[in-house]
Amino acid sequence: EYVFTTTNALAEQANEALQSADLILTLMLDHVKDMDWQTMGRSREVHDFLAQLVSGRPQIQSVFFVDSEGFNSVSSRAFPMERFDVRQREYYREAANGNDKLYVAAAFLGQMTGRPGFTVSRPRITKGHFDGVAVVTFSPDYFRAFYEKIALDSAASAAALVRSDGSLLVRYPASTQMVQKLPPTNALLQT
């Protein structure tokens with residue numbers, strides 16, 4: 001009964017996080033709907049809007065936009081945002097290759113912060129064509145803190161947020177390795 005109740009609580013937290021990310025991405029995309037990238041990058045108002053979206057949400061490290069060429073152009077972190085190359089990031093490649101759905105990228109170490117995180121993103125579509133990506137970066141520490149609160153004994157229990165391909169987004173207790181992936185033969189991936 002404890003395992004069932006705990007699993008439901010963990011699933012609900014993950015679901016709420018994804019719903020929150022989807023709402024934030026929608027707000028971001030609506031806010032800049034008629035703006036070009038140059039205007040967005042120069043707009044203190046857009047930066048302030050993004051910073052406000054992060055404020056009071058400890059689960060979120062940052063929100064930002066990546067232009068169609070693959071450069072982080074507008075961010076909640078800094079104004080003005082120095083162009084930052086993210087063309088090799090999974091979330092950018094997926095969107096640029098036509099994935100128009102909400103996308104959860106594998107865990108990574110941030111290039112700017114050095115902190116672990118994972119992203120949820122949605123492409124920006126302008127006149128029917130790919131025009132960049134809106135991105136939310138989540139803090140694994142937020143999820144681990146929740147997992148720790150409901151765990152009876154960290155030596156006897158573990159919890160994880162795992163993508164369907166086996167990529168570990170969050171693990172409690174924390175692992176010494178940053179990014180891990182469960183093998184396809186793992187029983188969790190067989191259900």
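Q: What should I know about the numbering and the model?
A: Residues are numbered from 1 along each chain as its sequence is written, and side-chain values use heavy atoms, with hydrogens and water left out. The model is predicted: local features need pLDDT of at least 70, side-chain atom pairs count only at pLDDT 80 or more, and totals for chains, interfaces and linings use all residues.

Q: How many cavities of 30 Å³ or more are there?
A: A cavity is a set of points on a 1 Å grid over the protein atoms alone where a 1.4 Å probe fits but cannot get out. Points join across faces, edges and corners, and a volume is the space filled by probe spheres set on them. Here the count is three. The largest cavity has a volume of about 190 Å³.

Q: Which residues of the lining lie nearest the centre of the largest cavity?
A: Lining residues have an atom within 4 Å of a point. The largest cavity has 17 of them, with Phe 64, Arg 77, Phe 108, Gly 110 and Gln 111 nearest its centre. Strand E1 (60-66) and strand E2 (71-75) are the elements that give two or more residues to this lining. E1 has the largest share, three residues. Helices (H or I, at least four residues) and strands (E, at least two) are DSSP runs, numbered from the N terminus.

Q: What classes of residue line the largest cavity?
A: Ala, Val, Leu, Ile, Met, Phe, Trp, Tyr, Cys and Pro count as nonpolar; Asp, Glu, Lys and Arg as charged; the others, Gly among them, as polar. This lining has six nonpolar, eight polar and three charged residues.

Q: What volume does the largest pocket have, and which element gives the largest share of its lining?
A: A pocket is an open set of points with protein on both sides within 12 Å along at least five of seven lines. The largest one has a volume of about 680 Å³. Its lining has 25 residues, and Thr 7, Leu 10, Ala 158, Ala 159 and Ala 160 lie nearest the centre. Helix H1 (2-31) gives the largest share, seven residues. By class, the pocket lining has 18 nonpolar, five polar and two charged residues.

Q: At what angle do the axes of H1 and H5 cross?
A: Two packed helices are described by the angle between their axes and the distance between the axes. Axes are lines fitted to C-alpha atoms, for helices over the stretch in contact, and angles run from 0 to 180 degrees between N-to-C directions. The axes of H1 and H5 come within 11 Å and cross at roughly 160 degrees. H1 is therefore roughly antiparallel to H5 (over 145 degrees).

Q: Which residues of H1 and H5 meet?
A: Contact means heavy atoms within 4.5 Å. On the H1 side are Tyr 2, Thr 6, Ala 9, Leu 10, Gln 13 and Ala 17. They meet Tyr 142, Phe 143, Phe 146, Tyr 147 and Ile 150 in H5. These contact residues divide into nine nonpolar, two polar and no charged.

Q: Where are the cis peptide bonds from Phe 79 to Pro 80 and from Tyr 172 to Pro 173?
A: Pro 80 is in the loop between E2 and strand E3 (84-85); omega of its bond is near -10 degrees. Pro 173 lies in the loop between E9 and H6, with omega near -5 degrees.

Conventions
Angles under 35 degrees count as roughly parallel, over 145 as roughly antiparallel, 65 to 115 as roughly perpendicular and the rest as oblique.
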